Amino acid sequence: MIKISPSVLASDFSILGAEAKRMGECGADMLHLDVMDGCFVPNISFGAPVIKAIRKCTPILFDVHLMIKDPLFYIDSFAEAGADIITFHVEADSPVSETIDKIISLGKTPSLSVRPSTDISSVYPYLDKVGMVLVMTVEPGFGGQRFMPDMMSKVRALREECKKRKLDIDVEVDGGINPQTAEIAARNGANVFVAGSSVFKSEDASKAIAEIRSATLP
Ligand code: DX5
Ligand code: ZN
């Protein structure tokens, strides 16, 4: 199933609650929330208290992308803040299995992500336990970067591996997604599309979401 997940990193932070609510009304399937600690990535965004505050504004599914050094330590607070899917990086310092188990124990969906330089096979040992894998299509840390087509071989390999093992896992792409790049990613096996700039910087977010969605249909 195709899902569109607008990233609030490109939204107007002064009215974040309203921006989150607006996305639900514009046809988004979930809301992508980029958490950055200034350590795992060279940028700082927001944390659990901000997510908790906007949780009151919309019932939309919260797709939380943790770009932080020690995700295990913070899982409780993000679950409590209202995250639904919790993605963390395989390159982070926390033990991967233990972190996945912690997310599951709190009733949330675990998801693993890889940076552009990380081999996709690094997530294979955990595929049985996660609901989603996020393949970064830019270097994590900033919105508005250019989509890296080289990452498509990873998306293809991951989708093949899931098929081989009869696993129905969501494959998410994040970074530089617009209708053109979403079409490429969909053709290679992605089904969840994070879009920051192309949705929030457009004049008509409903139209931008609909265009990404229709570009991904076969
Ligand atoms: C980058 C973030 C992305 C970012 C995408 O580190 O993970 O989610 O917000 O922004 P765009 O769509 O503008 O590339
Ligand atoms: Zn992200």
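K166 is exposed, with a relative accessible area of 77%; exposed means over 50%, buried means under 20%, and partly exposed is what lies in between, using a 1.4 Å probe and protein chains only. K166 belongs to the loop between α5 and β7. Although K166 is not a glycine, its phi is positive, at about 55 degrees. Most residues other than glycine have a negative phi.

Before going on, a word on the model and its numbering. This is a predicted model, in which local features need pLDDT of at least 70, side-chain atom pairs count only at pLDDT 80 or more, and totals for chains, interfaces and linings use all residues. Residues are numbered from 1 along each chain as its sequence is written, chains are lettered from A and ligands numbered from 1 in the order in which they are written, and side-chain values use heavy atoms, with hydrogens and water left out.

## The sheet

Helices (H or I, at least four residues) and strands (E, at least two) are DSSP runs, numbered from the N terminus. Eight strands form an open sheet in the order β1-β8-β7-β6-β5-β4-β3-β2, and the pairing is parallel. Two strands pair if DSSP finds at least two bridges between them. Strands of a sheet pair through backbone hydrogen bonds. Which strands stand at the edges of the sheet? They are β1 (3-6) and β2 (30-36), each of which pairs on one side only. From one strand to the next, the twist averages 25 degrees. Here, axes are lines fitted to C-alpha atoms, for helices over the stretch in contact, and angles run from 0 to 180 degrees between N-to-C directions.

Five of its six residues are buried, so β5 is largely enclosed by the rest of the structure. Strand β4 (residues 85-89) runs parallel to β5 and is joined to it by five bridges; T87 has S111 of β5 as its bridge partner. Four bridges link β5 (residues 109-114) with strand β6 (residues 132-136), and these two strands also run parallel. Across that pairing, L112 stands opposite V133 in β6.

Helix α5 (residues 152-164) lies across β5, β6 and β7 (170-174), and runs at about 170 degrees to β7.

P6 sits in strand β1 and is buried, with a relative accessible area of 0%. Contact means heavy atoms within 4.5 Å. Not counting residues up to four places away in sequence, P6 touches M23, A28, M30, L31, H32, A195, V199, F200 and I209. P6 and D76 are 70 residues apart in sequence, and their C-alpha atoms are 24 Å apart in space.

H32 lies in strand β2. Is H32 buried or exposed? H32 is buried, with a relative accessible area of 0%. Leaving aside neighbours within four places in sequence, the contacts of H32 include P6, D63, H65, E172 and D174.

## How the helices pack

| Helix pair | Angle between axes | Axis distance |
|---|---|---|
| α6 (residues 179-187) and α8 (residues 205-216) | about 30 degrees | 8 Å apart |
| α2 (residues 48-55) and α3 (residues 71-81) | about 15 degrees | 8 Å apart |
| α3 and α4 (residues 96-105) | roughly 5 degrees | within 10 Å |

Angles under 35 degrees count as roughly parallel, over 145 as roughly antiparallel, 65 to 115 as roughly perpendicular and the rest as oblique. The contact is made by P179, A182, E183 and A186 of α6 with E211, I212, A215 and T216 of α8. By class, that is five nonpolar, one polar and two charged residues. Ala, Val, Leu, Ile, Met, Phe, Trp, Tyr, Cys and Pro count as nonpolar, Asp, Glu, Lys and Arg as charged, and the others, Gly among them, as polar.

Helices α2 and α3 are likewise roughly parallel to each other. A48, I51, K52 and R55 in α2 meet S77, F78, E80 and A81 in α3, a contact with four nonpolar, one polar and three charged residues.

Helix α3 also packs with α4, and the axes of these two cross at roughly 5 degrees, which makes α3 roughly parallel to α4. P71, L72, I75 and D76 of α3 and E98, T99, K102 and I103 of α4 make the contact. Its residues divide into four nonpolar, one polar and three charged.
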